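The following paragraphs go through a single model. Please keep the sequence and the coordinates at hand while reading.

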Amino acid sequence: MNKGDIFPLKQKLYAACEASLERRLSDVQTALAEAQEAANQETKSSAGDKHETGRAMMQLETEKLSHQLKEILNEQQTLKMIRPEHTNQVVDKGALVITNHLNLYIAISAGRLLIDGKEFYAISINTPLGLALKEKKAGDSATFQNKTHKILQIS
């Protein structure tokens, strides 16, 4: 990969991670609003146990969604600390890592991203693969799930 192509590519990967977070945030906020609306619509019925079970299930769903919302907000903060224009010499946050098996963007866990017809995986440095590669340099290798990943390039 040419050095001149790296900066625009990292900007596109960063933007794709932002978009992924925005979609997830919107989905969770919508689900929370719907759960709140359902709780507000819930009326006391003569079937008391059924009513209480329904309210408890809604409360559990709201707590789960609130936890997801907190995780998304934390990931947004993590992403804001990354500077796509920065060139990395070792695998760390913000690095574009090309291995013999995968193209990785070390940022947040956004999964598979298609950029300019090429496949990349946005992962957190705290994922098992991210930790296996952390602080490694071009030419180094790391084994993950019985597969040796040789680092071909870091940007």
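Which residues does Leu79 touch, not counting residues up to four places away in sequence? With contact taken as heavy atoms within 4.5 Å, Leu79 touches Tyr14, Cys17, Glu18, Leu21, Ala107 and Ile108. The model is predicted, so local features need pLDDT of at least 70 and side-chain atom pairs count only at pLDDT 80 or more, while totals for chains, interfaces and linings use all residues. Residues are numbered from 1 along each chain as its sequence is written, and side-chain values use heavy atoms, with hydrogens and water left out.

Leu79 belongs to the largest nonpolar core, which has 24 residues; together with Leu13 and Cys17, Leu79 touches the most other members. A nonpolar core here is a set of buried Ala, Val, Leu, Ile, Met, Phe, Trp, Tyr and Cys residues joined through side-chain atoms within 4.5 Å. Buried means under 20% relative accessible area, exposed over 50%, and partly exposed in between, with a 1.4 Å probe and protein chains only. Two or more residues of this core come from each of H1, helix H2 (48-80), strand E1 (96-99), E3 and strand E4 (118-123). H1 gives the largest share, 10 residues. A second, separate core has 12 residues, among them Leu104, Ile123, Leu133 and Ile154.

Helices (H or I, at least four residues) and strands (E, at least two) are DSSP runs, numbered from the N terminus. Helix H1 spans residues 3-41 and holds Lys10. Lys10 counts as buried because its relative accessibility is 1%. Among the residues that Lys10 touches, leaving aside those up to four places away in sequence, are Pro84, His86, Gly94, Tyr105 and Ser155. Its side chain reaches the backbone oxygen of Gly94 at 3.1 Å. The C-alpha atoms of Lys10 and Ile115 are separated by 9.9 Å, although the two residues lie 105 residues apart along the chain.

The six strands form an open sheet in the order E3-E4-E2-E1-E6-E5, with mixed pairing. Two strands pair if DSSP finds at least two bridges between them. Strand E3 (111-115) and strand E5 (141-144) are the edge strands, each pairing on one side only.

Lys147 in E6 is the bridge partner of Phe144. The hairpin of E5 and E6 has two residues between the strands, and Gln145 takes a positive phi near 50 degrees there.

Notes. A polar contact is a pair of N or O atoms within 3.5 Å; within protein, one must be able to donate a hydrogen and the other to accept it, and residues adjacent in sequence count only if both atoms are side-chain atoms.
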